[in-house]
Amino acid sequence: MVMANSSINSVLHQGSMLPHEFPLASLQRPASFHSFSSTWAITNGALHVSPKRWNCSASSCCFRFRECRCRWKRIVRSCSTSEFVISNDENYSNKQVVSLTPRLYDYVLKNVREPEILRQLRQETASMRGSQMQVSPDQAQLLAMLVQILGAERCIEVGVYTGYSSLAIALVLPESGHLVACERDAKSLDVAKKYYQLAGVSHKVDVKLGLAMDSLESLILNGEAGSYDFAFIDAEKKMNEKYFELLLQLVRVGGLIVIDNVLWHGKVSDPLVNDPKTISIRNFNEKLMEDKRVPIGDGMTICRKR
């Protein structure tokens, strides 16, 4: 059977059941389909996914993978033992790439050392509006590890929300450490401040309520250019370029700037998706690749200032 991804997204992202484990009775046959961004073909208990847009001239859905006349560029196969992407492009050496399925991601999370205070904050945030903006436990621990490896003492976060990532950073900063946390939403920032207090790191965090651009410009005017070791951007995507330029002034040579959501749920690679946020992220990524000031390292981009 073939079905559009929109009807099973909630199960894929929120449940523990893999697509090949769905009861067949729960899968509905669509009358017709055209130009879906992702299509799931279930045959003989296995799942085949084409993450590319494609057109099918058929008026009804395809019931056998080999019988489909559509042009499949890449395929994801999922079974009880493996999940991987097969690329038929020789430019990438036909490399098999691990696809992060719910089962595999659950395994990743079980192997992340998440402090109890962060777990409590994550659970409280899950019931709040906009909870999808919170970084995941594995991302937060990556940020914390980068701060530790860098030996950072002065950090900046642009876009705090309820404070999960900033708390992860503050926890690993030395007692003399300093984190500037920029957030424009007072309600979510109240949650962050509560957890800073509970974790005993409030003395490390300098909360800036208001527009991040104003806060960053104020730091520069205050003579703090080149005095920060690490910065993390996870705020309004259309402002990424402006945030980046200001942070390049604030971060010292050899410091790190990390930008979240640079893949934007895969939208940046789809030429048919051209909303303002996607376009701005796409343009920012292209400019960053050509920026000689930083070598480049729904991922994260890690930049080290030269």
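Reader: How do the axes of helix α5 and helix α6 cross?
Author: In this predicted model, the axes of helix α5, residues 164-172, and helix α6, residues 186-199, come within 10 Å and cross at roughly 25 degrees. Because angles under 35 degrees count as roughly parallel, α5 is roughly parallel to α6.

Reader: And is the crossing of α5 and α6 left-handed or right-handed?
Author: The crossing of these two helices, α5 and α6, is right-handed.

Reader: Which residues make the contact?
Author: On the α5 side the contact is made by Ser 166, Leu 167 and Leu 171, while α6 contributes Tyr 195, Tyr 196 and Ala 199. Sorted by class, the contact of α5 with α6 has 5 nonpolar residues and 1 polar residue, with no charged residues.

Reader: Switching topic, how many disulfides does the count come to?
Author: The count comes to 0 disulfides, where a disulfide would need a pair of cysteine sulfur atoms within 2.5 Å.

Reader: Okay, so is Cys 155 buried or exposed?
Author: Cys 155 has a relative accessible area of 0%, and therefore counts as buried, the cut-off being under 20%. Cys 182 is buried too, with a relative accessible area of 1%.

Reader: What about Lys 237, where is its place?
Author: Lys 237 sits in the loop between β10, residues 228-233, and α8, residues 240-250.

Reader: Does that lysine, Lys 237, count as buried or exposed, and what is it in contact with?
Author: Lys 237 counts as buried because its relative accessibility is 7%, which is under the 20% cut-off. If we leave aside its neighbours within four places in sequence, Lys 237 is in contact with Asp 260, Asn 261, Trp 264, Ser 280 and Ile 281.

Definitions and conventions. Residues numbered from 1 in each chain as written. Predicted model: local features only at pLDDT ≥ 70, side-chain atom pairs only at ≥ 80, totals over all residues. Heavy atoms only, no water. Axes fitted to C-alpha atoms, helices over the stretch in contact; angles between N-to-C directions. Helix = DSSP H or I, 4+ residues; strand = E, 2+ residues; numbered from the N terminus. Parallel < 35°, antiparallel > 145°, perpendicular 65-115°, else oblique. Left-handed = near helix turned anticlockwise from the far one by under 90°. Contact = heavy atoms within 4.5 Å. Nonpolar A, V, L, I, M, F, W, Y, C, P; charged D, E, K, R; others polar. Buried < 20%, exposed > 50% of the residue type's maximum accessible area, 1.4 Å probe, protein only.
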